[in-house]
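Hi everyone, thanks for making time this morning. Please have a look at it on the screen.

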Amino acid sequence: MQSSEVRSQFIAYFKERGHTPVDSASLIPGSDPTLLFTNAGMVQFKGVFLGEENRPYVRAVSSQKCMRAGGKHNDLEQVGKTARHHTFFEMLGNFSFGDYFKKEAILYAWELVTEVFQLPQKQLWITVYQDDDDAETIWQRYLPKDRIRRLGKRDNFWQMGEIGPCGPCSEIMVDQGEAIHPGCPGPGACDCDRYLEIWNLVFMQYNQTASEMMPLPNPSIDTGMGLERMTAVCQGVLSNYETDLFHPIFSAIAKLTKQSLAETVVSVPARVIADHLRAMTFLIHDGVVPSNEGRGYVLRRIIRRAARFAKKLGLPPIGPDDASGGLHTLTGAVIDKMHIPYPTLLQHRDQIRQMVQREEERFEETLNRGGVFLEEIIASIQKKNETVIPGEAVFKLYDTYGFPMDITTDIAQEAGLSIDEPGFHRAMEEQRERARRFAFQIAASTGGTNPAFALLNEERPPTPFTGYEHLSEDVTVMAILKSGQWVNAVSSGEEADLLFDVTPFYSEGGGQVGDRGTLVSSDTLVVIEDTQRPASKICFHHAKVVDGTLTVGTRAHVEVDSEVRQSTARNHTATHLLHAVLRDVLGDHVKQAGSLVHPDRLRFDFNHFNALSPKEMDRIEADVNHRILQSVPVDTNVMEVKEAIASGAMALFGEKYGDAVRVVSVSDFSRELCGGTHCRNTGQIGLFKIVREGSVSSGVRRIEAVTGVVAYQWMKQQETYLREVSGLLRTAPEDVLEKTTRLLLQSKEKDQQIEKLKFGQMITACDPLLEVTKVGDVSLLVQKMPPSDMKALRLHADRLRNQLKSGIVVVGAGDEAGEKASLVVMVTPEWAGRFSASAIVQEMAKELGGTGGGTPTMAQAGGKDVQKLDAALKKSVEVVKAIG
């Protein structure tokens with residue numbers, strides 16, 4: 001049975017039994033600050049389990065993408081060493097939200113495993129929580145009591161994280177036979193792989209808060225079956241890596257390394273690479289970019305760990321084409337295998353490939369940079385006649401430079417040293433503890449939905465939105481929330497959140513800010529300042545009473561500010577045009593990474609690796625304005641989400657979509673799933689102007705732009721600036737560039753002449769504190785300069801080094817103010833392996849009460865004790881002698 005059949009038959013079985021198939025959520029939890037990644041199938045249903053969110057179904061089935069790398073669930077270091085551990089995996093699961101419970105869950109599980117997957121009953125074992133009598137009694141209907149084991153909280157009580165839904169669980173295990181571990185006493189008795197867990201049935205009964213465990217509103221079911229494990233069992237192999245899920249990846253690796261497929265499948269480095277390729281592919285697809293913090297740091301670590309194992313395996317290095325090698329050339333094997341259940345992978349093939357390649361290249365640079373720091377550490381330890389690199393230093397290499405511990409270990413061993421591994425792990429654990437405390441504080445402080453909203457969410461239907469058709473409505477005030485409390489009335493000067501029976505106000509979502517407007521009744525005037533949906537589809541209007549008293553039950557007339565709405569619509573439609581143009585100009589790897597649609601401006605974040613050139617910026621701006629001038633109709637259609645995706649509509653990262661979605665199209669040029677408000681045709685945008693482009697983080701760029709009247713006002717302001725500058729230069733506006741260029745060139749020439757004169761005077765005034773002298777077998781030149789800055793010191797030291805040709809140059813000077821002394825040390829390449837410029841300057845800097853550093857060939861330092869500059873320069877002789 002192929003993995004695709006395991007997945008499809010699981011979903012089909014539960015669909016036949018009234019479960020609604022639900023697509024996999026993103027690997028990035030959309031609304032849970034306590035989780036780094038989606039690590040289980042139930043994550044996207046957390047709000048439903050807690051009673052904070054309603055769904056149109058009470059039974060669900062899914063195949064969920066999951067990641068366990070970082071935080072509590074961290075399988076990274078075990079990957080490749082065992083047959084089961086993975087960073088990325090798929091979790092098959094069925095869910096009941098207050099519908100059925102233990103009896104039905106156990107029945108379904110038994111039927112599926114024994115009748116659909118046809119696993120021999122004699123090989124199956126069950127574990128239950130130590131206090132769960134009900135579960136044991138139900139299981140005894142299907143198999144003997146002696147094949148049911150009771151285990152403790154560590155094994156049979158499931159929690160998603162530090163806080164959140166939880167409950168006792170029951171695991172189905174398969175006995176893989178005596179050959180794995182002859183005489184194994186049974187499930188839970190040892191860590192061998194003989195009794196393999198294939199399905200975990202969680203009886204969700206509680207919610208763990210920051211302070212206590214409370215019963216859930218409705219006991220529910222959450223199950224999880226690892227697709228990789230079940231596929232291995234169905235295919236009769238003892239390792240997940242031997243299944244069809246991994247074979248295409250191993251084939252691609254074997255082709256590059258010239259090894260046989262059989263050798264590759266059992267190779268630990270190859271297994272690490274195969275696993276990490278799947279993880280990096282799906283993480284990038286879901287919007288993660290490599291960085292030095294959070295999810296981006298995990299992705300960076302995964303790519304770099306895979307790159308390190310690629311070196312061990314002998315994978316060819318990065319080159320100009322696929323035949324050259326590099327991890328990025330292997331991501332296509334993952335996409336080719338997984339694009340049928342996850343079709344949007346195909347759209348991001350180039351983006352994934354390019355991002356992995358860029359990170360591989362950055363890692364090569366990192367290894368070179370970290371190597372210099374490690375060399376200095378080794379030199380310092382050898383000088384002290386010590387043999388162990390401290391754990392803190394190893395961790396700094398790892399944390400700051402991304403330098404893997406085992407590479408540090410290998411290099412240290414070559415130098416006759418070892419590393420303090422326990423110290424490294426202590427430093428690592430301290431960092432993890434800081435991260436856990438931080439995540440827990442965020443969770444506690446943002447602690448979820450206001451209980452008042454959650455209660456209303458259960459009692460009220462969704463607020464109907466009529467704002468697509470018109471901007472005013474007669475409404476009834478259904479509820480008033482003031483300072484977190486429900487009240488019956490609010491009076492002049494007070495602020496509150498209002499709930500209506502129907503609303504024309506668009507609530508903030510999809511990057512678009514909420515509508516503003518007014519409410520008028522017979523004796524009340526209210527200004528609506530913002531519109532939000534804090535509780536599922538219930539719409540609240542943040543308002544301030546200007547005059548009168550507003551009470552629950554009041555009939556009133558509300559009206560959206562049409563000018564603000566139209567300005568917002570211009571920016572939203574322009575955002576769609578910008579997205580399409582960016583993909584057209586820069587490539588299909590461009591993917592939205594965030595946006596803001598405001599009445600005054602738009603902001604669009606997207607995945608791209610380089611700053612945009614002026615030529616690219618001009619073309620993007622021109623292409624958007626070209627589409628605007630065409631006055632193309634903006635069409636909206638409501639269709640099923642799968643139909644929309646099949647039609648080419650782009651689904652944006654981080655957004656939740658129901659079964660029916662709204663598709664916004666601009667001819668055949670742009671088509672996106674979007675619930676926002678838009679122009680009727682592109683001509684209503686008027687004008688589009690980019691005002692800023694820059695970097696948000698590694699691999700993410702940001703464009704800020706204005707449209708319509710705001711764009712016109714911005715351009716008029718630029719004209720004003722140009723007129724003022726032309727007045728100062730006493731030239732016509734069209735001649736400003738030429739005259740400014742000429743003046744700058746003249747100024748630069750004069751500056752160069754001044755610098756040349758100053759440098760000549762300084763050289764003449766140099767004090768040859770020491771002539772060139774021999775210290776052992778190396779030539780040392782030490783010279784004191786008149787007051788100079790660090791740039792002048794470096795220039796002079798470089799000139800002296802060229803004159804000396806071979807040896808060490810030391811130059812020092814005070815500054816013009818007499819407040820700081822500076823040192824520069826340069827060592828010619830043939831001596832740098834023996835005499836490190838960084839080590840020399842650090843010892844000299846101690847005389848000045850300062851610090852310094854650099855590379856083995858060039859280093860600099862500074863200190864405030866100017867009076868001891870001569871002493872510091874003379875000390876260079878002692879330092880060189882000590883090192884030599």
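Let's start with Arg-278, which forms a salt bridge with Glu-228, their closest N and O atoms lying 2.8 Å apart. This pair links distant parts of the chain, with Arg-278 in helix α9 (residues 268-285) and Glu-228 in helix α6, 50 residues apart. Both Arg-278 and Glu-228 are buried.

A quick word on what we are looking at. This is a predicted model, where local features need pLDDT of at least 70 and side-chain atom pairs count only at pLDDT 80 or more, while totals for chains, interfaces and linings use all residues. Residues are numbered from 1 along each chain as its sequence is written, and side-chain values use heavy atoms, with hydrogens and water left out.

Now the terms I have just used. A salt bridge here is a side-chain nitrogen of Lys or Arg within 4 Å of a carboxyl oxygen of Asp or Glu. Buried means under 20% relative accessible area, exposed means over 50%, and partly exposed is in between, with a 1.4 Å probe and protein chains only. Helices (H or I, at least four residues) and strands (E, at least two) are DSSP runs, numbered from the N terminus.

With that in hand, here is the overall picture. The chain has 25 helices and 33 strands. Its C-alpha trace spans about 95 × 85 × 50 Å along the principal axes, and of its 884 residues, 49% count as buried.

Back to the salt bridges, then. The structure holds 37 of them. In another one, the side chains of Arg-304 and Glu-359 meet at 3.0 Å, N to O. Arg-304 lies in helix α10 (residues 294-313) and Glu-359 in helix α12 (residues 349-383), so this pair ties together parts that are 55 residues apart in sequence. Arg-304 is buried, and Glu-359 is too. Which residues are linked with them in a network of salt bridges? The network is made up of Arg-300, Arg-304, Glu-359 and Arg-362.

Arg-619 counts as partly exposed at 42% relative accessibility, and Asp-623 counts as partly exposed at 23%.

On a 1 Å grid over the protein atoms alone, a cavity is a set of points where a 1.4 Å probe fits but cannot get out; a pocket is an open set with protein on both sides within 12 Å along at least five of seven lines, and lining residues have an atom within 4 Å of a point. Grid points are joined across faces, edges and corners, and a volume is the space filled by probe spheres set on the points.

How many cavities of 30 Å³ or more does a search of the whole structure find? It finds one. The largest cavity holds about 50 Å³ of space, and among the residues lining it are Glu-359 and Arg-362, which we also met in the network.

The second largest pocket has a volume of about 1,700 Å³. It is lined by 48 residues, of which Arg-68, His-85, Glu-171, Glu-197 and Arg-229 lie nearest its centre. By class, that lining has 18 nonpolar, 15 polar and 15 charged residues. In this scheme Ala, Val, Leu, Ile, Met, Phe, Trp, Tyr, Cys and Pro count as nonpolar, Asp, Glu, Lys and Arg as charged, and the others, Gly among them, as polar. Strand β8 gives the most to the lining, with seven residues. Several other elements each supply at least two residues, including β7 (164-175), β9 (213-226) and α6 (227-234).

Finally, a couple of backbone details. Most residues other than glycine have a negative phi. Asn-385, however, has a phi near 60 degrees; this residue is in the loop between α12 and β10 (388-389) and counts as exposed at 70% relative accessibility. Ser-631 has a positive phi as well, near 50 degrees. Ser-631 lies in the loop between α18 and β23 (634-640), and at 40% relative accessibility Ser-631 counts as partly exposed.

That's my tour, so over to you for discussion.
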